[in-house]
Amino acid sequence: MKLQQLKQLVPKLILVIVFIFCSIQGMKAQNSKTMKNQISDSQAITNVLENNYFNGIYQGDIALLGNAFHHDALLFGDIKELPMPKPWSNISKG
């Protein structure tokens, strides 16, 4: 290549490099807003499990357990190896 051609190519090359650099700077591996929501969701789930589910089982408190389950939740157990699904609303009534 001639020197004149190189002089014309350099500004274009610089623009391409700047464009690539700016594009990379704008990219993120994760959306931080979504990540914060996931952390707060995880904390809420942990709170329900620790304070309602486990304490409700340990204390035998149906009201605490009720806070851990949706009123339409379907719970499964077995009697003599036969599956027995029951809605939470039936269990909470006694």
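The protein chain exposes about 8400 Å², and carbon and sulfur atoms supply 63% of this area; accessible areas come from the Shrake-Rupley method with a 1.4 Å probe, and for residues only the protein chains shown count as cover. The model is a predicted one, in which local features need pLDDT of at least 70 and side-chain atom pairs count only at pLDDT 80 or more, whereas totals for chains, interfaces and linings use all residues. Residues are numbered from 1 along each chain as its sequence is written, and side-chain values use heavy atoms, with hydrogens and water left out.

**Exercise 1. Overall organisation**

*Solution.* 
Step 1. Helices (H or I, at least four residues) and strands (E, at least two) are DSSP runs, numbered from the N terminus.
Step 2. The protein chain has four helices and two strands.
Step 3. Of the 94 residues, 6% count as buried; buried means under 20% relative accessible area, exposed over 50%, and partly exposed in between (1.4 Å probe, protein chains only).
Step 4. Contact means heavy atoms within 4.5 Å. Among contacts between residues at least 6 apart in sequence, 5% join residues at least 24 apart.

**Exercise 2. The hairpin**

Determine in which sense strand 1 and strand 2 pair, and describe the turn that lies between them.

*Solution.* 
Step 1. Two strands pair if DSSP finds at least two bridges between them.
Step 2. Strand 1 (residues 74-79) and strand 2 (residues 82-87) are joined by six bridges in the antiparallel sense.
Step 3. Ile-79 stands opposite Leu-82 in strand 2.
Step 4. The two strands form a hairpin with two residues between them.
Step 5. Lys-80 lies in this loop and has a phi near 50 degrees, a positive value in a residue other than glycine. Lys-80 is exposed, at a relative accessible area of 79%.
Step 6. Glu-81 also lies in the loop between strand 1 and strand 2. Its phi is positive, about 65 degrees, although Glu-81 is not a glycine. With 74% relative accessibility, Glu-81 counts as exposed.

**Exercise 3. A residue of helix 2**

Decide whether Asn-52 is buried or exposed, and list its contacts beyond the neighbours within four places in sequence.

*Solution.* 
Step 1. Asn-52 is found in helix 2 (residues 32-59).
Step 2. Its relative accessible area is 15%, so Asn-52 is buried.
Step 3. Beyond the neighbours within four places, Asn-52 is in contact with Asn-47, Leu-64, Leu-65, Asn-67 and Ala-68.

**Exercise 4. Aromatic rings**

Identify which residues form the aromatic cluster.

*Solution.* 
Step 1. Rings of Phe, Tyr and Trp (its six-membered ring) pair if their centres lie within 6.5 Å; planes under 30 degrees apart count as stacked, over 60 as edge-to-face and the rest as tilted.
Step 2. A search of the whole structure finds three aromatic pairs. One of them, Tyr-53 with Phe-69, is edge-to-face, at 6.0 Å centre to centre and 70 degrees between the planes.
Step 3. This pair links distant parts of the chain, 16 residues apart: Tyr-53 belongs to helix 2, and Phe-69 to the loop between helix 3 (62-68) and strand 1.
Step 4. Tyr-53 is partly exposed, at 27% relative accessible area, and Phe-69 is partly exposed at 23%.
Step 5. Phe-69 and Trp-88 form a stacked pair, with 5.0 Å centre to centre and 25 degrees between the planes. Trp-88 lies in helix 4 (residues 88-93), 19 residues apart from Phe-69.
Step 6. Trp-88 is buried, with a relative accessible area of 7%.
Step 7. The cluster consists of Tyr-53, Phe-54, Phe-69 and Trp-88.
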